[in-house]
Amino acid sequence: MKVFIDGELFDGKAGRIPVVDHGLLYGDGVFEGIRVFGTSPFLLEEHLLRLSHGLRAVHLHLPGGLPSLREAVATTVNAFGAPDVYVRLIVTRGDGALGVDPISCPTPRVICIVDRVQIFPEDKRKSGVSLATVSTRRPTSDVLDPRVKSLNYLNNALARIECRQRNADEALMLNQHGTIAEASVANVFVVQGDRVLTPPTTDGALDGITRTAVLELARRAGLHAEEKTLGRMDLFSADEAFLTGTGAGIVRVKSLDGELIGNTRPSDVVERLMTAYDALTWQRRD
Ligand SMILES: Cc1ncc(COP(=O)(O)O)c(C=O)c1O
């Protein structure tokens with residue numbers, strides 16, 4: 001693992017931050033997870049755009065702006081020195097007093113971590129993961145807009161604990177209306193015939209970079225790709241279902257709460273989208 005903290009590089013856990021960083025004390029900050037295929041950060045500008053919107057939404061102003069983040073990513077990926085890695089780019093409020101008001105934090109902190117990750121083994125990604133509906137709900141968009149990828153992942157961590165207790169691979173998180181928001185670290189899609197559906201961000205979904213790429217790939221493949229409010233019943237009645245996320249790409253969903261997903265009619269939409277997504281990552285690889 002290589003770690004970049006405010007311009008300095010460290011090996012693995014040697015990278016340390018002060019305990020008074022408000023990212024640690026209050027979850028005050030935003031982040032991105034970015035995949036690097038070969039040595040090219042995949043959809044980097046899309047990730048930086050989402051991060052810049054999040055920074056603006058939480059009133060965090062980076063003196064070096066986006067160029068300093070591009071530089072942090074390039075420096076850390078280069079220092080890691082091997083292809084096909086995962087980048088965690090974090091901007092925290094920085095060091096401050098033991099009070100929540102960010103007025104005591106004059107300088108944001110930029111952290112970049114580069115390592116290898118494997119979210120799901122390749123065969124499981126293709127054969128399908130199990131989902132469990134968890135009781136932990138996604139905060140409503142008037143509490144915390146789900147489009148801000150903030151350092152507040154406590155709900156997601158609680159959702160993971162619940163799904164592990166139920167021996168499932170991922171958590172299905174609902175919103176306050178009981179409709180589907182997303183999984184703990186991924187967006188949720190269902191396939192019904194030639195329709196590819198995913199909940200809108202107003203239902204509590206992160207505006208996922210992979211989600212947007214997959215919606216576009218589906219449209220290019222002649223499928224009807226739409227945002228639509230979905231309930232658990234839409235998963236039980238789906239021909240196929242899948243998750244999307246930077247770390248894992250496209251992941252088939254095999255079951256929900258112990259019930260297998262799929263109908264008797266054959267559907268190859270997930271396989272087609274996986275092939276199209278793999279092709280896109282190869283095109284962008286250097
Ligand atoms: C809560 C949540 N939803 C969805 C996603 C997928 O988003 P993306 O495709 O941008 O990685 C993530 C990724 O980390 C996430 O944390």
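I looked up the domain spacing: the C-alpha centres of domain 1 and domain 2 lie 26 Å apart. This is a predicted model, where local features need pLDDT of at least 70, side-chain atom pairs count only at pLDDT 80 or more, and totals for chains, interfaces and linings use all residues. Residues are numbered from 1 along each chain as its sequence is written.

**Domains.** I noted the bounds: domain 1 spans 2-115 and domain 2 spans 122-284. These bounds come from an automatic or database domain assignment.

**Domain contact.** I found 21 residues of domain 1 in contact with 13 residues of domain 2 (contact: C-beta atoms, placed from the backbone, within 7 Å). On the domain 1 side, β3 (29-37) and α2 (44-57) each give two or more residues. The largest share, eight residues, comes from β3. Helices (H or I, at least four residues) and strands (E, at least two) are DSSP runs, numbered from the N terminus.

**Core.** I turned to the largest nonpolar core, which has 74 residues. Such a core is a set of buried Ala, Val, Leu, Ile, Met, Phe, Trp, Tyr and Cys residues joined through C-beta atoms within 7 Å; buried means 20 or more other C-beta atoms within 10 Å of a residue's own. α6 gives the most to this core, with six residues. Val73, Val87 and Leu89 are among the residues with the most contacts inside it.

**Ligand.** I counted 14 residues around the ligand, with Leu206, Gly208, Ile209, Thr210 and Thr246 the closest (near: C-beta atom, placed from the backbone, within 6 Å). α6 gives the most to this shell, with three residues.

Conventions: A residue is buried if 20 or more other C-beta atoms lie within 10 Å of its own, exposed if 12 or fewer, and partly exposed in between; C-beta atoms are placed from the backbone. Two residues are in contact if their C-beta atoms, placed from the backbone, lie within 7 Å.
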